[in-house]
Amino acid sequence: MLFEIQHDTTYRYNKPVHLGSHILRLTPRTDGNQRLLEYDCTVSPRPSMQSNELDAEGNPVTRLWFTGTTNELRITSSIRLLTMHDNPYDYLVDIPATCLPMPYNQNEAPFLAAYRYPGNPAPEIVQLAASIARQSEHNTLAFLGTLNDRLHSEFKREIRDQGPPQNPELTLAQGKGACRDLAVLFIAICRTQGIAARFVSGYQAHPETPGKRRYLHAWPEVYIPGGGWRGYDPGHGEAVADGHIALAAACMATRTTPIDGCFYGDGVHSEMSVDLKIQTSPHIAPDQA
């Protein structure tokens, strides 16, 4: 599937401000699932210095530094990208990893420790995970599919276009959440079963609302021996394939924020507006891109 995306974010301030350093996570990953064809990002005011790099988890990031003052910061990214992974189940799970709790071999386990660390999950999170594990007879793929289906069918989906994800206990108690809330809950449940899971931010092919307004999207990925990192989308009840574009993936949701920065000024109020346009062509051959 060919994606053409324009993502415009504008911050307006009621007084001139000094802009602190900013981190942009707007460059899509390039991997076996997606191939970046064109990318451009314009920033106004023009940064005094800019650096492109990979962060500690392998995500492409751009760092910006500014001088002077401004009443507005505008960041516009343009993307042309080809997704190539139409079958999300094109793998065979390594036999030891077919049963839960998830065993990882000695070569992979040290690198996945942060993604497996459950923290201190609430008892209700642990109980739900155990219930789904029993229901799926402790089969890994059955567990992931059942979990995805349960969150899709039993939780109300809502749009909340600003703010961090709420904690998984709150999402579970309320029975509703935005895509990032469901992703965090999915991750928390997986980690109680020893499954490495991470948070992904990006775009999707289909609009979320009847009015077809576009929003950033979020979903979880899990590491499956024999399949690598594989995405699930509890908001839609499906495994992630060629209808999703990943921008950043990380152990914590805060490390995937598309635009992360600050400003300095006394008595300043800010407003943010986002204009996101996504066009897709579902039947394009790679040699025509």
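Two strands are taken to pair if DSSP finds at least two bridges between them. Strands (E, at least two residues) and helices (H or I, at least four) are DSSP runs, numbered from the N terminus. The model is predicted, so local features need pLDDT of at least 70 and side-chain atom pairs count only at pLDDT 80 or more, whereas totals for chains, interfaces and linings use all residues. Residues are numbered from 1 along each chain as its sequence is written, and side-chain values use heavy atoms, with hydrogens and water left out.

Strand β1 (residues 2-24) runs antiparallel to β5 (residues 69-83), and 13 bridges join the two. Within β5, Ile75 is the residue opposite Thr9. Strand β2 (residues 34-44) also pairs with β5 in the antiparallel sense, over 10 bridges. Here Ser44 has Arg74 of β5 as its bridge partner. In a regular strand, side chains alternate between the two faces of the sheet.

Pro45 itself belongs to the loop between β2 and β3. A cis peptide bond likewise leads from Leu100 to Pro101, with omega near 0 degrees; Pro101 is located in the loop between β5 and α1.

A further set of strands forms an open sheet: five strands in the order β11-β10-β9-β8-β12, with antiparallel pairing. Because β11 (238-239) and β12 (244-250) stand at the edges with a single partner strand each, one side of each is left without a neighbour in the sheet. Inside this sheet, four bridges connect β9 (residues 217-224) with the antiparallel strand β10 (residues 228-233). Glu221 has Gly231 of β10 opposite it.

The structure contains 14 salt bridges, each defined as a side-chain nitrogen of Lys or Arg within 4 Å of a carboxyl oxygen of Asp or Glu. One of them joins Arg80 and Glu4, at 3.9 Å from N to O. Since Arg80 lies in strand β5 and Glu4 in strand β1, the pair ties together parts that are 76 residues apart in sequence. Accessibility is classed as buried (under 20% relative accessible area), exposed (over 50%) or partly exposed (in between), with a 1.4 Å probe and protein chains only. Glu4 is partly exposed, at 36% relative accessibility.

Arg255 forms a salt bridge with Glu57, where the closest N and O atoms are 3.0 Å apart. Arg255 lies in the loop between β12 and β13 (259-264) and Glu57 in the loop between β3 (49-54) and β4 (60-65), so this pair ties together parts 198 residues apart in sequence. Arg255 is partly exposed at 28% relative accessibility.

Asp90 and Arg230 meet in a salt bridge of 2.8 Å, N to O. Because Asp90 lies in the loop between β5 and α1 (109-116) and Arg230 in strand β10, the pair ties together parts 140 residues apart in sequence. Asp90 is partly exposed at 43%, whereas Arg230 is buried at 12%.

The loop between α2 (123-135) and α3 (140-154) contains Glu137, a residue other than glycine with a positive phi near 55 degrees. Glu137 is exposed, at 68% relative accessibility. His138 lies in the loop between α2 and α3 and, although not a glycine, has a positive phi of about 60 degrees. His138 is partly exposed at 34%.
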